[in-house]
Amino acid sequence: MMRIELPWPPSKTSANGSQGDYMGKARAAKSYRVTCQQECIAQGVKPMSWPEYYIPVVITYHPPTDGRFDWDNISNRAKQGFDGVAHKTGIDDGRWWPVTLVRGEKIKGGRIVIEMGAQHTAIIPYRGTIT
């Protein structure tokens with residue numbers, strides 16, 4: 001299993017973040033990708049091989065605040081970072097399957113943790129009968 005920690009993506013990379021400044025959004029996305037690639041290098045990430053075509057991945061989002069965020073927007077904001085990880089690991093993010101998304105504890109500045117080759121077991125509390 002490989003664990004990679006990435007910084008929280010800038011708000012400018014949000015689908016709603018460009019506010020008409022598409023060049024600014026593109027610059028922010030490119031900068032985030034480069035930052036994530038540099039993080040991979042700093043964490044000693046090397047290209048890996050995986051015996052099957054798909055590799056299970058667990059992505060834990062540690063938000064910078066207790067505010068609300070939806071999983072599709074934060075995943076879209078982090079897409080360029082995922083591409084940077086895919087480049088450094090040698091495993092295209094199209095092969096990341098199944099992907100388990102987890103909301104982690106709030107961390108100052110925020111963080112995204114990617115665990116490649118890990119299976120996440122969810123414990124869902126019983127809350128009554130569905131009718």
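Modeller: A residue counts as buried when its relative accessible area is under 20%, as exposed over 50%, and as partly exposed in between. Keep in mind that this is a predicted model.

Colleague: What makes strand S2 mostly covered?

Modeller: Count its residues. In S2, 8 of 8 are buried. Each one therefore falls under the 20% cut-off.

Colleague: Which residues of S2 point one way, and which the other?

Modeller: Ile55, Val57, Ile59 and Tyr61 point one way. Pro56, Val58, Thr60 and His62 point the other way. Both sets are buried.

Colleague: Why do side chains alternate in a regular strand?

Modeller: They go by turns to the two faces of the sheet. In S2, the two sets follow that pattern, from Ile55 on one side to His62 on the other.

Colleague: How do you know that S2 pairs with S3?

Modeller: A pair needs at least two bridges. S2 and S3 have 6, in the parallel sense. So they count as paired.

Colleague: What joins S2 to S4?

Modeller: Again 6 bridges, but here the strands run antiparallel. His62 stands opposite Arg111 in S4.

Colleague: What makes S1 and S3 edge strands?

Modeller: The order in this open sheet is S1-S4-S2-S3. S1 (2-7) and S3 (96-103) each have a single partner strand, so one side of each lacks a neighbour in the sheet. On average, neighbouring strands are turned by 20 degrees against each other, direction ignored.

Colleague: How do you know that helix H1 packs on the sheet?

Modeller: By contact, which needs heavy atoms within 4.5 Å. H1 (residues 22-42) touches S1 and S4. Its direction makes about 140 degrees with that of S1.

Colleague: Why is Gln38 called partly exposed?

Modeller: Gln38 lies in H1. Its relative accessibility is 48%. In sequence, Gln38 and Gly84 are 46 residues apart; in space, their C-alpha atoms are 8.8 Å apart.

Colleague: Which residues of helix H3 are buried, and what covers them?

Modeller: In H3 (residues 79-89) they are Gly81, Phe82, Asp83, Gly84, Val85, Ala86 and Thr89. Each is under 20%, so the label holds. Their cover includes S1, H1, S2 (55-62), helix H2 (71-77), S3 and S4. Gly90 follows H3, with a positive phi near 80 degrees.

Colleague: What kind of peptide bond joins Trp97 and Pro98?

Modeller: It is cis, with omega at about -5 degrees. Pro98 belongs to strand S3.

Colleague: How many helices and strands does the protein have, and what pattern do they follow?

Modeller: There are 3 helices and 4 strands. Along the sequence they read β-α-β-α-α-β-β.

Colleague: How many of the 131 residues count as buried, as a percentage?

Modeller: The figure is 37%. The accessible surface comes to about 8,400 Å², and carbon and sulfur atoms hold 53% of it. Among contacts between residues at least 6 apart in sequence, 83% join residues at least 24 apart.

Technical notes: Residues are numbered from 1 along each chain as its sequence is written. This is a predicted model: local features need pLDDT of at least 70, side-chain atom pairs count only at pLDDT 80 or more; totals for chains, interfaces and linings use all residues. Side-chain values use heavy atoms; hydrogens and water are left out. Axes are lines fitted to C-alpha atoms, for helices over the stretch in contact, and angles run from 0 to 180 degrees between N-to-C directions. Buried means under 20% relative accessible area, exposed over 50%, partly exposed in between (1.4 Å probe, protein chains only). Accessible areas come from the Shrake-Rupley method with a 1.4 Å probe; for residues, only the protein chains shown count as cover.
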